[in-house]
Each structure stands twice: as structure tokens, then as C-alpha cells.
Amino acid sequence: MDLFDNLIFGFGVALSLQNLLYCLIGVTVGTLIGVLPGIGPLGTIAILMPITYGVSPVGALIMLAGIYYGAQYGGSTTAILVNLPGETSAVVTCIDGYQMARQGRAGPALAIAAVGSFFAGTVGTLLIALFGPPLAEIALKFGSPEYFSLMLMGLVAAAVLAQGDIVKSLAMVVTGLLLGLVGSDVNTGVQRFSFGFAELSDGIGFVVVAVGVFAIGEIIANLGDKTERRGIAATVTDLFPSKEDLKRCIGPILRGTGIGAFFGVLPGTGPAIASFASYMLEKKLAADPSRFGQGAIEGVAAPESANNADAQCKFIPMLTLGLPASGVMALMLGALTIQGIQPGPEVMTQRPDLFWGLIASMWIGNLMLVVLNLPMIALWVKLLQVPYRLLFPAIMAFSAIGIYSVNNSSFEIYLTAVFGIFGFVCMKLGFPPAPLLLGYVLGPMMEENLRRSMLMSGGDATVFVTRPISLAFISATVLILVIMVLPAARQRRLEIAD
Amino acid sequence: MTLGLSKDVWAGAMLIAIGTAAMLIARNYPFGTALRMGPGYFPIILGGLLTVFGLFILACGLRSRERIAGSSSLRALIILPISLLLFGVLMEHGGFVPAMIVLIFGSATAAAEFKFIEALLFSLALTALSVVIFVWGLGLPYPLITDFH
């Protein structure tokens, strides 16, 4: 079987001592920032990206991915123990998880969250291995019009499905596309939007935008936020769930994994939506829905499985099509590009070590998280007591070192400050920042494919609707827009957002 | 911080400003034709699109009364960018150690619950740690301290 050969090859890559170490660092840092509120995987990956420049591409990706799914584990730990969702994906887990902890069942709650996440992670890994190669095969046949339409669909879907105002999300995508154009034009060499700064001729640094908006902007916003939520840390006594607990959770874990995988491949939907949807489903299916909110173990198992499956499946479009489905995936694409790898379907054939190594490492990383996390819970809870007034200056320091080390340029530090202010203003005005990053990453590629398509077709814009695959993407884009503009759907989105 | 107008009026105005600025600047780049797009083609389309979004949001904002939500810290908005600025200047003219101390201590003053002694000790400790990790450990080529030229 091809699949097993490939997976064995992948494990060979991931099990090298070096890559195991990167994986361990990744999941540990991920858990840490998952536990700490006020800094998420986006900001952390952006800050740490410069450190990975010296690392091999496989190692870099393994570590960054570890941060991402490690954060999901960490987020649920604090959600259960102190009613404080370290990450947005763990908000739903708070509801029943914290109730369980208050009833002295924190141990089983944590254990079932870990088991559910691990199962979902395993399924997610298998799904990528199964669907990745055929998808990449199809994508290899794409020409420029198909790519342009695919990116258009990806960007529109990401903007529309993300939380918040649709028009504002789309506006952020367009702003991101514009930012991506800064620097010299690849075809003509004309300097665009560089305002006479020589430092801008290669474009705005990827890390500058990401750290500015997601680390600095976020800190400014956090410092203005006076609401502080603190729960009382529960003590963990008995870790093992009872047979009864396990039996109750089989269904929710399976269904949660399914829902998570489905939302995972959709662009724009964060793990928060998947976990919310699976929680609602379990509540509907339950024989006695009133148990939910009172410490029902299904209410922990389902969303925790869903958010982890979602996190893993987000890699499918990124690795096979070069299409980022979320802000974190945009960062991963950026990391690939910085490593000199052109993202897209060719990655799988040209760098099989990268693709299969990353997939295998995710399974290993999930295993590490289960083994490492449970014994270290006491330590994580201690970390929660680090006050934010000390945490954020440290984040500032690491951000600054990270950015400065890229080009040893103070100019990029000043630019980061500007993007920090811009990010803060956007958040205050209700603009979601993640679509900005998607647009920024895809901007140059989109323009290039648009130009090539038009050259190919002799200036005829109908090329996008006369080629069948491209037409399918365009139709899907229009459909998504129409559905979302319909009043009923608009209303529902608002309800979900509340 | 209530700035009189509703949130979406400001949001729309910001988009219109970015969109029109992009179009005005991109006017100076060759536009080209649909067949051979010049460097000005895509930016002008994007700028136009952004302006249209801005007008739409502004129009919605005129009918809504939703103000900018939540409290904001003007203190953080001013202090954090300035701390970064000082870090940038000091990295070029003062060395790694003064740049880090100023950045960390400076940032710390942005918090409402700022404590002088604690922040000072923390910035010294974190700077020392950074020197060990980044300069000695990872070998980043920054002088620890220079003569402030």
C-alpha cells in the first residue's frame, strides 16, 4: 500500500532526533501559550518564526505546527481548571468542564479532553494522508485561471465564514492584498507604494505584519480591557474516567471528530465554530439535555475532539493547494516561502520529506501532548499566576528581538510599531485581523495568476467562466456570497456571533 | 474614548482613506491593458473596491448608533509604539543591553498596575536572560553596549 509506505517514510523523517526535539519544543511552547491567556498561537508563531530560519524546512514546520495544536491542549486545560479559556476554541469547554471540576471531577474531564483530542488528531492525520495526494494530483492540472478562481473562492469564503461583519472581513482581505503589493513589481520592476524607502523595495516583511497586528496590536487592546476573569483553581485528584464516562463519550468523540474535520477543510472557520457546533449537536442528541451545563462529560469530549480535528484538517488545503484556510495557515505558508519553498501541489512530489514528515510529526506530537500534559498540569496552573503586567513586556521583548534578527534593521521595528497601532485600530473598529493576513499572503500570487490568465486568454475575462474547474470555483464563490447576504443567514450569523 | 460618531462611520472613513490613497498613488504607475496589465492595474482595482466597501460601511454607520465598544488604554497606545521606537534607535546607537532594558521597562509603564521596583528588576532580569539566550547562546551578532554614537 502506497499510503503505508508513505506514512512509514514520514515517521522515518519525524523520528530523527532533531525533528523529535523540534516537535517537543513546539508542543511545549504551544501548551504554554495555550495556558496563558492574552497570547495566542498566531502571535507566538509570528514571534518565533525568525528563530526557525536557521532550522531545516521540515524542522521549522514541525515546530510551528506543534505550537499550533499544542495551544489547543493548553487552552482546554485552563478552561476546565479555572474556567478561563486560554484560547477561543476552548470557550465551549468551559461550560461543562469547569462544572465537572467544581464537582471534584477535574481529573476525568482533563483525561477525556486529552483522549478525545488524541483520537481526533489521529483521524486528522489519517485524513491528510488519505486526501492530500489525490487533491494535489488534481491541483497539478490547474492553470492560472483555476488558481486565480480558487484563491478568490478561498479568500471570499474565509472572509464570509469568519466571525464578524462580512463586509468588514472582505475589506480586510482587500487591504491585505494591497499590502502584499508593496515593493517592486515582479514583471516591470516598478516600485509600488514604497514611498521612497529602499527598505520597502522587497515588500513589507511578513513577520512585521504578523507580529505588529497579532502581538503588539493585541497587547494594546488587552491593556485597555479592564474585565478580568479569574476562577478558583480546582485540584486534580482522580485522573481516570469511569467506565460509565468512557461509554458516554464514544459517540460524542466520534461525532465531534467528524464535525471538526468537516469545518477544518472549510476556509475561515476557526476551531471555535467547530467546537461550538459539536456541543450544540450533542445537546440536541442527548436523552437528557438538562445535564449539559451541569458538568456533562459529553460536553467536554465533543468540543475538544472537534477543535483538534479542525486544527489538523486545516493543513489539507494549505499543504495540497497552497491555500491558507486560516490566519495560522497563512503564517505556515509564509514560513514555507521564507524557507525558499514555493507552496502548492508540487510540495508533495518535490519535497515528500516535508509533507509526510510533517504529517507523521503531528501524530507524534499529539502523543507527546497526552503523555506530557497530564503529569504537568500542576505546573501549568502555577504559570497562570504570572500576572499580565509582567507577561506583556516579555512578549514585547521577544517580538522585538525576533523582528530585528530577520534583517538586523531598525526600520522593520518602526514598521512593526505602525502595524501594532493599525492592528489595534482595526480591532476597535470591528475589523477582524486574520483576513488581512490571508490577503497579504495571497496578494502577489493572485495578481500574478490574474496577469497570466489574461495573457493566456488574449485579454478576455470570460476565461474564468469558460474553463470548467474555474467556473466551479467562481460559482461556489457567488453561491457563498448570495447565501450569506440573504437576510435569514445574516440573522443566524449574528445569533451565533452573540 | 467616545468620538461622537458611530463606530462604522470611522470604519468606513478609514477604508475610504486607504482606498482613495491607493488609487491616487497607483495612478502614477503604468495601467496597461486587460491583456497586458501594468503595475497600476491591480492596485487601482483593489483601491476602488476598498473605497466602495468603505462607502457602504459609512452609509450603514450613519444609521447606526453603535459606538466604539469597550474601554481603551490611550496610555498603552502611546507608550508601546514609543518603546519599540526607542528599541530600534538604541539597537543602532547604544547596544543590545540598553535597548532591551528601555524596551522592557518602557513597555511595563503602559500597564495601569505598573510597579516601579518590580518592573525595574524584571527588565534587568529579562535582559540578562536574553543576553544569555540570544547573544551568547544563539550567537546573534549584537554588541552588548556601545558608546552611544
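Trainee: What pLDDT does chain B average in this predicted model?

Mentor: In this predicted model, 96% of the residues of chain B score at least 70. Helix 5 (residues 116–137) of chain B has the lowest confidence, with a mean of 90, and helix 4 (residues 96–108) of chain B has the highest, at 94. For chain B the average pLDDT is 87.

Trainee: What ipTM does the model score?

Mentor: Two scores are given for the model. The pTM is 0.81, and the ipTM is 0.92.

Trainee: What radius of gyration does chain B have?

Mentor: Chain B holds five helices and zero strands, in the order α-α-α-α-α along the sequence. Taken along the principal axes, its C-alpha atoms fill a box of roughly 55 × 45 × 25 Å. A compact globule of 149 residues would come near 15 Å, but the radius of gyration of chain B is 23 Å.

Trainee: Why does chain A count as being as compact as a globular protein of that length?

Mentor: Chain A has 23 helices and two strands. The globule rule gives 23 Å for 498 residues, and chain A is close to that value, so it is as compact as a globular protein of that length. The C-alpha trace of chain A spans about 70 × 50 × 50 Å along its principal axes.

Trainee: Which helix of chain A gives the largest share of the side that touches chain B?

Mentor: The contact takes 52 residues from chain A and 55 residues from chain B. On the side of chain A, the elements that give two or more residues are helix 8 (166–181), helix 9 (206–224), helix 18 (388–407), helix 19 (410–428) and helix 20 (434–457) of chain A. By class, that side has 33 nonpolar, ten polar and nine charged residues. The largest share, eleven residues, comes from helix 18 of chain A.

Trainee: How many nonpolar residues are in the contact of helix 18 of chain A with helix 4 of chain B?

Mentor: The axes of helix 18 of chain A and helix 4 of chain B come within 8 Å and cross at roughly 145°, and the crossing is right-handed. Helix 18 of chain A brings Arg389(A), Phe392(A), Pro393(A), Met396(A), Ala397(A) and Ala400(A), which meet Met100(B), Leu103(B), Ile104(B), Ser107(B) and Ala108(B) of helix 4 of chain B. One residue of this contact is polar and one is charged, while the nonpolar residues number nine.

Trainee: Are helix 4 and helix 6 of chain A roughly parallel or roughly antiparallel?

Mentor: Helix 4 (residues 57–82) and helix 6 (residues 106–140) of chain A have axes 10 Å apart and pack at an angle of about 160°. Their crossing is right-handed. The contact includes Tyr69(A) and Tyr73(A) of helix 4 of chain A, and Ala109(A) and Leu110(A) of helix 6 of chain A. Angles over 145 degrees count as roughly antiparallel, and helix 4 and helix 6 of chain A are therefore roughly antiparallel.

Trainee: What is the class make-up of the contact of helix 10 with helix 12 in chain A?

Mentor: Helix 10 (residues 243–265) and helix 12 (residues 298–313) of chain A have axes that come within 7 Å and cross at roughly 30°. That makes helix 10 of chain A roughly parallel to helix 12 of chain A, and the crossing is right-handed. The contact of these helices has 13 nonpolar, eight polar and four charged residues.

Key
Residues are numbered from 1 along each chain as its sequence is written. Chains are lettered from A and ligands numbered from 1 in the order in which they are written. This is a predicted model: local features need pLDDT of at least 70, side-chain atom pairs count only at pLDDT 80 or more; totals for chains, interfaces and linings use all residues. Axes are lines fitted to C-alpha atoms, for helices over the stretch in contact, and angles run from 0 to 180 degrees between N-to-C directions. Helices (H or I, at least four residues) and strands (E, at least two) are DSSP runs, numbered from the N terminus. Angles under 35 degrees count as roughly parallel, over 145 as roughly antiparallel, 65 to 115 as roughly perpendicular and the rest as oblique. A crossing is left-handed if the near helix is turned anticlockwise from the far one by less than a right angle, and right-handed if clockwise. Ala, Val, Leu, Ile, Met, Phe, Trp, Tyr, Cys and Pro count as nonpolar, Asp, Glu, Lys and Arg as charged, and the others, Gly among them, as polar. Two residues are in contact if their C-beta atoms, placed from the backbone, lie within 7 Å. pLDDT is the predictor's confidence in each residue, from 0 to 100. The radius of gyration is taken over C-alpha atoms; the globule rule is 2.2 Å times the number of residues to the power 0.38.
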